[in-house]
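Q: Hi! I have this two-chain model open and would like to talk it through with you. Can you take me around?

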Amino acid sequence: MYPELVERGVKSPESERCGDCHRDIYHEWKNSPHARSFTSTAFKEETNDYQFTFCLGCHVPETIFTDNRVEPRKVNPAEGVNCNSCHLNDCKLSGPTPARGPHPISERNPFYKTSELCGKCHVSTFKAWQESGTSGNKKTCQDCHMPAIQRKLIQDDPWQKIYPKREGKQHVFSYWNLKDHTSLIMSFIKVIDSENTIEGTLEIENTSVPHSVPTGDYGYREVVVTIEIHDKTGHVINSQKESLFVEMSTALKYKEKRIIPFCFHCDEDEWIVKANMVRTSFHGDTDIPLAEVVYKP
Amino acid sequence: MYAKVKELNRKTTFRLMIFSLAAVGVVIFTFFITVIRPNYPQYCAKCHDTITFHNSCKKLSGDVPCIDCHTHENRGTRVMAVEMRNEHCTAEPCHPFHTLSAKTSVYKSIKPFQHKTHMYEITENFKLKCTSCHSNLKGKKHFEIDERTCNICHFVNTQKPMYTQDKKPNAECTVCHGHIEKTKEIYGKTFQHDVYEENEKVHCADCHFQAVQGYGEVDKRNCLQCHSNSSDKSQSTADLHDIHIDKHKTACTSCHASIKHGTIQAKNTIYEGNNPESIHGNTQVQNLIMMGQGGKGVKGEPDPMYLATLNCSACHKDEQSFTNVAPEVCNNCHTKGFDKILSEQMDFTTSRMRLLKTLLINAKRQHNATDPIIQEAEVNYNIIREDGSLGVHNIKYIKDLLDYSIRNAKQVTGQDTFSYPDKQEVISRPSPDEHQFPANTCIDRCHANYMEYRTIYQGKIFRHNTHSPNQRLECNQCHNNDPVNMETHGRLIIQKKDCGACHHKRTDKVLVHPLSSKDNENLGKSLISPNYPLLKKGSGAPASERKSLNEEGCLRCHADVRDYINGNLKNIIPKIPDWMSNAVSCTDCHKLELNGYSFKTVREYCIECHNPDYGLLYDAWKETLDSKAKQFRKNNINRNIQDLLKQVQSHGMHNFRLSQMFLRSMEQ
């Protein structure tokens, strides 16, 4: 049944077809960056209206299962990285879990649990992950970016009624939902208040993100560490910013600690120093908090 | 008786015969004396021994008897005619008119003389005879031409000007004077007379002072030299000429005052102080300045225009007051562009005079006004002011005077004088002379005010003084100095890489701007880019701080590129900055070659920081911008768009999104 779901080339199916049954996953994906990989304004601009075709391989992949460069899909480019991009393997729809279904299936494929899968496109992040050592508790990409969830694989009636709930993965592919605030730790090492000058050092540490922060090869990726001194009413008296970029070799590597010295002039008697780390966009309009710390004397 | 008579008759006959023979002899002798001998000029020359014939007269027809020409007048035998009709001269064996007309004769160094152009009725009743010119008025040679006669005809100041047969005023220089191959060295430049001959705007009188002196007027008292009473005679010029020239031979100079013509020798007497009133009323100061004299403390040289014997009127065309000079007047003789020099010289002198005046006021307030240095400066100030040309009459001299006086006045008032940077600190030092910079002559006279030039170079104001004298660059290190071809003269010959040889050079030394009154804000700042060591990527310094330090030097010249990266352009709202504008500094992508001044290709650093895909991206950007910009440039003549396209082509890569926006808007 449904042999068209494993077609390639111009007959490659739309993801909506997958979404007929895999409704939850479809909706997760639809809101994920993978679904916007082609339509995002930035990508459109940066590729000169899609004229720079060498970007399309990863942004609109037909399938990542290839030994050569990933080739772009010929249809539905607006879907970006769609279901078949990752799940179409050797003319079967593959996945890590046990499965039964009306289309060719390759179940319990362990490859889907490895970071190498993501590394097909996210080359340098995967490389950084590989190089970050092999300590036991090192997480894979999926551990963080596809949070685990207990649910049925399909949601359409009537088949879902007979489908068991299993541990699955949310297809959000993002740090949006990262609730873990222990991966990146900030702490004030020392703060000295002398003659209206507050001097000190802030330590930032990447304890358990097994790639640099920020990471990646493409697009604008900046993490900003802001240290602010507030007066008692909460107004910012002074601030200092430090940007982290991969390209500038200032990204915070796995297990790396970094000291950021700061020095503020402050006439107030009561003050607090706050530091936060955010993943920011180029225009600074979508800041995603990564860590925060407050120092009260 | 018969015999007696016969004897007597024989005696008588004999006597009679002897007497008759004697009589015949006397008759023959008398005939010889009166008829034959006068046919030999020697006969006349016995008394008129001051007369010599022109040799050619003798060659043609043997000795020409005086009486061939000087026939008897019908007023008694003793009067020989001094006047002679043309027919006497133009007779076939002598100078027939057709042979005279056929050839030209050489007279002095003027154009070949032609008889035929002088033998017609020039004005009413005024026609020259041979003897009008060949009149032996001057002395030795019998047919000598008196130059004064030529001058009177050619330059006489009449109400009815005389014209040549081809309708040229006969006083025009070119009627007689042709091509003159004369050269003159003036301060290393060669003046060539022939260059100016062809220039229609240059008049001979612009340089040749008072080539005609006198008016050739007729004073009635001259009549009394010959006539006892002239009042009742006809006063009409035509009649007078008819009587005196055509009917009789009267020298022109007998009636007309003589006219001098020629170059005034012995320098320009016009400038010689002995009789300035004869030329212009009060031009002594101007004369002094032009000669490079009159000021104090500086040994001056004459202005090149003075050496070229330029007449005041060459520039002062304004005949009312002689004070207004239109700058374009320079272009009459010189090539286009010299009009700018005039105002430049005036601007320079004006500002320097203002400075000197202020200094003098301060100096007098602080010190005794009788200080010789102050007095000297004041004399210089006054003479320059009195000259009134604001430097134009002798810019080099006035410049030297001003420099000298300003330097002195500054010393007196204790103001710092300009000092050149330490020799180790400047990059190129072609000349050791501290006070002569640049050493070539460009700034002596023409580009006097070059330090004030506000040249736009690549969208920036280029300051000459920071390069020369401050960095001791010579004009010709950057500019073409072709003295002949004014099209190319002054064009930039320096290339980007030459600028880079200084500006991009790595050095441990901080190159600083030397003292310069207008550039104090730059004191101690890096002159060149960048002030090493560079802050490397990931060095721990905050990104913005690192960036601004690394770029400080670059932005001195390339601020427009930074504006482009930041999307910070005029009329472009909102700003469209490039992604890399936040943290990437110029030196992250533009890295020097080993030679220390040219740059490696950027592409490899795209790959180094990012990955090989960015090399492809670099190529794609470049190709897109190049092809689009070229295409639009071809099809568009709007100047604003052309300027924009130029920017896109030159540094569009620095902000691809902005460039894209420009190109897209043009497409629409």
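Q: Let's start with H18(B) and H19(B): which residues meet there?
A: On the H18(B) side you have B:Met353, B:Leu356, B:Lys357, B:Leu360, B:Ala363 and B:Lys364, and they meet B:Ile374, B:Ala377, B:Glu378, B:Tyr381 and B:Ile384 in H19(B). Contact here is a C-beta to C-beta criterion: the two atoms, placed from the backbone, lie within 7 Å. Helices are DSSP runs of H or I with at least four residues, strands are runs of E with at least two, and both are numbered from the N terminus.

Q: How does that contact split by class?
A: The contact of H18(B) with H19(B) has 8 nonpolar, no polar and 3 charged residues. In this scheme Ala, Val, Leu, Ile, Met, Phe, Trp, Tyr, Cys and Pro are nonpolar, Asp, Glu, Lys and Arg are charged, and the others, Gly among them, are polar.

Q: And what is the angle between H18(B) and H19(B)?
A: Helix H18 (residues 338-366) and helix H19 (residues 372-387) of chain B pack at about 145°, and their axes are 11 Å apart. The axes are lines fitted to C-alpha atoms, for helices over the stretch in contact, and angles run from 0 to 180 degrees between N-to-C directions. The crossing of H18(B) and H19(B) is left-handed, meaning that the near helix is turned anticlockwise from the far one by less than a right angle, whereas clockwise would be right-handed.

Q: Before I go on, what kind of model is this?
A: This is a predicted model, where local features need pLDDT of at least 70 and side-chain atom pairs count only at pLDDT 80 or more, while totals for chains, interfaces and linings use all residues. Residues are numbered from 1 along each chain as its sequence is written, with chains lettered from A and ligands numbered from 1 in the order in which they are written.

Q: What is the mean pLDDT of chain A?
A: The mean for chain A is 89, and 97% of its residues reach 70 or more; pLDDT is the predictor's confidence in each residue, from 0 to 100. In chain A, confidence is highest in helix H2 (residues 23-30), at a mean of 94, and lowest in helix H3 (residues 41-46), at 88.

Q: How many helices and strands does chain A have?
A: Chain A has 8 helices and 12 strands. Of its 297 residues, 30% count as buried, a label that takes 20 or more other C-beta atoms within 10 Å of a residue's own; 12 or fewer is exposed, in between is partly exposed, and the C-beta atoms are placed from the backbone.

Q: Is H8(B) mostly covered or mostly exposed?
A: Mostly covered: 8 of the 9 residues of helix H8 (147-155) in chain B are buried, including B:Cys150, B:Ile152 and B:Phe155. The buried residues of H8(B) pack against helix H7 (130-133), strand S5 (212-213), helix H13 (252-255) and strand S6 (260-261) of chain B.

Q: Why does B:Cys312 count as partly exposed?
A: Because B:Cys312 has 18 C-beta neighbours inside 10 Å. B:Cys312 lies in helix H16 (residues 312-315) of chain B.

Q: Last topic: how many residues of chain B touch chain A?
A: 17 residues of chain B are in contact with 16 residues of chain A. Helix H27 (612-635) and helix H29 (656-667) of chain B are the elements that give two or more residues to that side of chain B. The largest share, 5 residues, comes from H27(B). By class, the side of chain B that touches chain A has 8 nonpolar, 6 polar and 3 charged residues.
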